[in-house]
Amino acid sequence: MSVFSPGFQGRPRPKSDRLPPGQYLTEDFPVLSTGPTPTVDLNRWQFSVTDESGRQYSWSWPQFMSLPQSRPHVDIHCVTRWSKLDTDWQGVSLDDLLENVDTQAEYAMITSYGGYTTNLPLEDLTDGKAWIVHTFDGQDLHPEHGGPARLLVPHLYFWKSAKWVKSIRLLDQDEPGFWEAAGYHSYGDPWREQRYQGD
Ligand SMILES: Nc1nc2c(c(=O)[nH]1)N[C@H]1C(S)=C(S)[C@@H](COP(=O)(O)O)O[C@H]1N2
Ligand SMILES: [Mo]
């Protein structure tokens, strides 16, 4: 058979085409946390968004779970060089969470239960690019992987996907989060290999 035979629409991309530069494929799901896994009681769980004027929007667990559900199927890429393809999640898109938030802010600072922070441009959270997920592979998200709920921003290195997400502050000016202040790239595009400041 000719290697030049025409392709057809919908043919899956070869796995190698889905691997950003300097990454290797892994089948398992490594755990990377800077500190202990926080215990988050669902009765006290709250997620909030604060806009640049200080107005706060917040959701209890039942309110969050009653929002429209999305099922992202995505590839994820950690700056420590592992990538995992075809991961399945369920949660709420940031488009749905931010629907009634009126803002001119351009940046977002994410804060987790436990104190982890990470920053990203607000436009990287919208237009179907980011979710707050509570389910992985059909099961409640394991606490080590960020349960009860974590941010999922698969088009950026996975350190941007804050586990145990608690709040988002919308900001006019960019500010570095935990790893960004420690020398990691402020944006973190795996396809441009933006691992560290200056990459
Ligand atoms: N709250 C919190 N979120 C976090 C981290 C962390 O240490 N604390 N580590 C980040 C990093 S570096 C990566 S690679 C992923 C790891 O997610 P996993 O442990 O589910 O693989 O979570 C990110 N989110
Ligand atoms: Mo990471």
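Predicted model: local features only at pLDDT ≥ 70, side-chain atom pairs only at ≥ 80, totals over all residues.
User: Which residues is Ser83 in contact with, beyond its neighbours within four places in sequence?

Analyst: Contacts are read from heavy atoms within 4.5 Å. With those neighbours left aside, Ser83 is in contact with Leu19, Pro20, Gln23, Tyr24, Leu25, Thr26, Ile76 and His77. One of these, His77, also has a polar contact with Ser83: their side chains are joined at 2.7 Å.

User: Where does Pro154 lie, and is Pro154 buried or exposed?

Analyst: Pro154 is in the loop that runs between β10 (150–152) and β11 (165–171). Its relative accessible area is 11%, and because the cut-off for burial is under 20%, Pro154 is classed as buried. Residues up to four places away in sequence aside, Pro154 touches Val74, Asp75, Ile76, His77, Lys129 and Trp131.

User: How does separation in sequence compare with separation in space for Pro154 and Gln104?

Analyst: The two quantities are read separately. Pro154 and Gln104 stand 50 residues apart in sequence, and the distance between their C-alpha atoms is 24 Å.

User: What does a side chain in the loop between β10 and β11 show, taking Ser161 as the case?

Analyst: Ser161 is located in that loop. Ser161 counts as buried because its relative accessibility is 2%. A polar atom of the Ser161 side chain lies 2.9 Å from the backbone nitrogen of Val153. Apart from neighbours within four places in sequence, the contacts of Ser161 are Arg150, Leu151, Leu152 and Val153.

User: How is the setting of a ligand read, and how many residues surround ligand 1?

Analyst: One begins with the residues around the ligand and then turns to individual atom pairs. Ligand 1 is surrounded by 19 residues, of which the closest are Pro30, Thr34, His145, Arg150 and Lys163. Ligand 1 sits in the largest pocket.

User: Which polar side-chain atom lies 2.6 Å from an oxygen atom of ligand 1, and where does the backbone of Leu32 come in?

Analyst: A polar side-chain atom of Lys163 is found at that distance of 2.6 Å from a ligand oxygen. His145 likewise places a side-chain N or O atom 2.6 Å from an oxygen atom of ligand 1. Leu32 contributes through its backbone, with an N or O atom 2.9 Å from an oxygen atom of the ligand. Taken alone, ligand 1 exposes 530 Å², and the protein buries 97% of that area.

Definitions and conventions:
Residues numbered from 1 in each chain as written. Chains lettered and ligands numbered in written order. Heavy atoms only, no water. Polar contact = N/O pair within 3.5 Å; in protein donor to acceptor, adjacent residues only side chain to side chain. Near = heavy atom within 4 Å. Areas by Shrake-Rupley, 256 points an atom, 1.4 Å probe, with all protein chains shown as cover. 1 Å grid on protein atoms, 1.4 Å probe; cavity = no way out; pocket = protein on both sides within 12 Å on 5 of 7 lines; lining within 4 Å. Sits in = over half its atoms within 2 Å of the grid points. Helix = DSSP H or I, 4+ residues; strand = E, 2+ residues; numbered from the N terminus. Buried < 20%, exposed > 50% of the residue type's maximum accessible area, 1.4 Å probe, protein only.
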